[in-house]
Structure formats: structure tokens, C-alpha cells
Amino acid sequence: MADLHFLANPARFRRFSQRVLPSLAFATVLMLAVGLYMALIQSPPDYQQGDTVRIMFVHVPSAWLAMAGYALLAGLGASLLIWRHPLAALMARASAPVGAGFCAVCLLTGALWGRPMWGAYWVWDARLTSMLLLFFLYLGHIALSRAYDEPERGDRAAAILALVGVINLPIIKFSVDWWNTLHQPASVARLGGPSIHPSILIPLLWMAATLFLLFVLLVLLRTDTEIDRRRLENAELQA
Amino acid sequence: MSGFAALVARDLRLVWRRPGDVAVVLAFFVVATTLFPLGIGPEANVLARIAAGVLWCAALFAALLSLDRLFAADFEDGTLDLLLLAPWPLELAALAKCCAHWIVTGLPLALLAPFLGVAFGLEPGVLLALAATLLVGTPALSLIGGLAAALTLGARKSGALLALLALPLCVPTLIFGSGAVEALATGGDFGAHLAVLAALALVALATTPWAIAAALRQAGE
């Protein structure tokens, strides 16, 4: 924890991110190039799904990152409410649209995959519906954090919302599961090892790592921008 | 505890002096449910099939419609500052406000719903089940909506924002509320659905007052 608190100072964070960002951006682009080659060219088509299986290399990591992103929002919310870290508010403000973006990518790629596989862009299945509700929670967070004239007030209201949302997500997930289920069950993280062949699993995990780096890169970049914007606003107030 | 009762009584007295506010919410509930047969068509078995979902959704919207004034009036006239300074917990005050809101919206909605259910051709037993699910479920709507109202206190366009925040959080209540009525009509397990619905309401009762109080403290700063 001590290390995280070290970065809570916006100026110190800014120095840290300036040092890390160039190499992070380089690594992301490099891994994306390799990952796309593995996913689109090297890996074999699925015996049932054909080439549409390649959508999964983007779809599945996006779903993971959308969920992890909401957990990050809740963690940042807790850190803002408990320690009043000024950076937590800026980072939450920066990362909510990134998480919502991955959530939207997950929903859109899912629709594109669903059309040839299930015969419909959208079905009211449990996992699709709970992903859609997660997207709505993201939208609420983004709208609430920007709904006040004093940004600090929006930050704290959104932090409370993120904590309430993260408590409610399992309940929403459970009730939607109860309501309907048709989506194939989870097949990567389950007892007895993954049921996916390595020729597809390795590119999938590679793409997951790549998109994770992209997520971190976008969040750091946007946090930097938020720090600059907050400084500009304060400077204007003083001028 | 006397403070709790006094706050509930005060809110009820305020509503009693302006009964039009409650009447508008109930009128909205009636008009909104009437639109569904007009939009979908008068076929009796289709209407009976969708009745529980329609009435539950309309009740949810009606409850949300009345929520944006829940803390706003107190915020504007300074009552909220007194509540923040009062020597008893703000959580209890938040609970009292939601309790009063339920008495003037959730309760009348639950009592009104069976009459509207008749127009949808529901059986007498199903009508009772509908009223029971609304009685058990609407407290959760008042509490979750109260949290959304506290979070959007003083925000721009707070009405639409309130609905955006509250609706996803109300989904479990809606699923089990209309699901219970559905279960009774199709021979499923009504008791199990009602028990889960009650559990959801109790979870909301146990958790939301703290979140509402935290939100009100932020608003008061």
C-alpha cells in the first residue's frame, strides 16, 4: 500500500507516467502487431465456427477488461472516500470512459459474432443482458461525475455510486442468470483446466495481455490529461 | 427513535397539505398502464401474459418520478443542514425519508395495482399476488431511488440522471417481482420468488441508508 500512496501525489504521478508512457506505448503497439498476426493469420479456423471464432480474440478480453475496469472504479472510489486521494478522483474520471469503451466493444463484437452463430444480433440471454447492465452502470458513473458545477462533488458522488454498483453487480448477475440463460458457459477459467485448444488459447491470452496494456496506457494518458485540465481550471480561477 | 417517527410524521404532514403531488404520481401510474393495451392491442390472453411486467415497470417509473424532490426541498430550505447537525444518526434520517416516501407512493401503488390488473384480465388469485409482490418490493425501490436522489442532489438535469442511476440497480427487484406473479400464473414456485424479493428488499434496507447518508454528507459540505 505504501507504494500506491507514494503515487497519490499528482505531481509525482505525472513524473512517473511521463517516464513510463513512451515504453508502454511502444510495447502495446508491438504486442498488438504480433497479437493480430497470431489471431488473424496464424491460428486455425474453428471446426464449427470457421473464421468467426477470430472475433473472440477481441471479444473475450474486452469483456474481462470491462469487468476489471468497474472493479478499478470501485477501488478508486474507496480510496477517494477513505484517504481523499486527489489522484483517485482524476483517475476514476479518466478510466470510466475507457471501461465503458471496452464494454461497448464487447457488446458490439458479441452482436457481430451472434448474427452468423445464433442467427440474431441480440438475444435476451443472461450474460449479454448483465453486460448491457454493466454498460448502463458505466454510463451512470460517467454522467454523474460530470453533472456538477464543482467537479469535486461529482467525483465523490460517483465514488459512492461505484461502490454501490460493485456490491450490486453480483446481485444483478445472479438475478439475470435466474431470469434466462442460453449463452455458453465459461470455458477458460474453470476447474479441470481450460477446454480450449492451445492453438486458440495462446493467441487469446496474448490478446488479453495486449488489451490489458492498452487499457493501462489509455488510463495513464487520460489521467495525465485530467491532471493538466484540473491545473488549467485552477489557474483560470486564480487569474 | 422518536426523531425517526417525528421525521416520518413531518414528511407525511407536508404531503397531506399538498395531496396533488401524490395524486399526480398515481394518475401517471394509471395512464401509463392504460397505454399498453392501446399500443399492443386488446387481445385478452396477450394482455394477461404481459400484465405483471407492465404493472411492475409502470410502478417502478411512477416511484422514480416522485423521487427527485425527496431531498431537494430539504436541501434548498436548509432542513438538510439541520439534519446533518442533529445529534442523531443521519442514516436514520435517510431511512425515515425513504419510509415516508414508501407510505405515500409504494403503498398506494400496491393497493391500486390489483384494480388495474382486473383491466388486464388477471385472475383474483394473481391480483392478490401482484399486490403482495408490490408491497414487498416497493420498499426496495424507495430505498434505491432514495440513494439515486441523494447522489444527484444539486446536479444539473437531476431528474433524467436519477433514472439512469436507479434503473439498473432496480433490475433484480423488477425481475423477481414480476417473476413471482408470472410463477403463480404458470404454476411455478411463487413462495421462492417472493422470498428472494423480500431478501432483496432487506438487503436494500440494510445497506442503502449508509450510502444515502454518505451522499447527503457530500452534498452538505
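From the N terminus onward, the elements of chain B follow the order α-α-α-α-α-α-α-α-α, which amounts to nine helices and zero strands, where helices (H or I, at least four residues) and strands (E, at least two) are DSSP runs numbered from the N terminus. The radius of gyration of chain B, taken over C-alpha atoms, is 18 Å, close to the 17 Å that the globule rule gives for 221 residues, so chain B is as compact as a globular protein of that length; the rule itself is 2.2 Å times the number of residues to the power 0.38.

The model is predicted, and local features therefore need a pLDDT of at least 70, while side-chain atom pairs count only at pLDDT 80 or more and totals for chains, interfaces and linings use all residues. Residues are numbered from 1 along each chain as its sequence is written, with chains lettered from A and ligands numbered from 1 in the order in which they are written. Chain B averages a pLDDT of 91, and 100% of its residues score at least 70, pLDDT being the predictor's confidence in each residue, from 0 to 100. For the complex, the predictor gives an ipTM of 0.89 and a pTM of 0.89.

Along the principal axes, the C-alpha atoms of chain B fill a box of roughly 55 × 35 × 30 Å. Of the 221 residues of chain B, 49% count as buried, a residue being buried if 20 or more other C-beta atoms lie within 10 Å of its own, exposed if 12 or fewer, and partly exposed in between, with C-beta atoms placed from the backbone. Two residues are in contact if their C-beta atoms, placed from the backbone, lie within 7 Å; among contacts in chain B between residues at least 6 apart in sequence, 80% join residues at least 24 apart.

B:G3 lies in helix α1 (residues 2-17) of chain B and counts as partly exposed because 15 C-beta neighbours lie inside 10 Å. When residues up to four places away in sequence are not counted, B:G3 touches B:W88 and B:L92.

The contact between the chains takes 20 residues from chain B and 21 residues from chain A. On the side of chain B that touches chain A, α7 (124-151), α8 (158-185) and α9 (190-220) each supply at least two residues, and the largest share, nine residues, comes from α8(B). By class, this side of chain B has 15 nonpolar, four polar and one charged residues, where Ala, Val, Leu, Ile, Met, Phe, Trp, Tyr, Cys and Pro count as nonpolar, Asp, Glu, Lys and Arg as charged, and the others, Gly among them, as polar.
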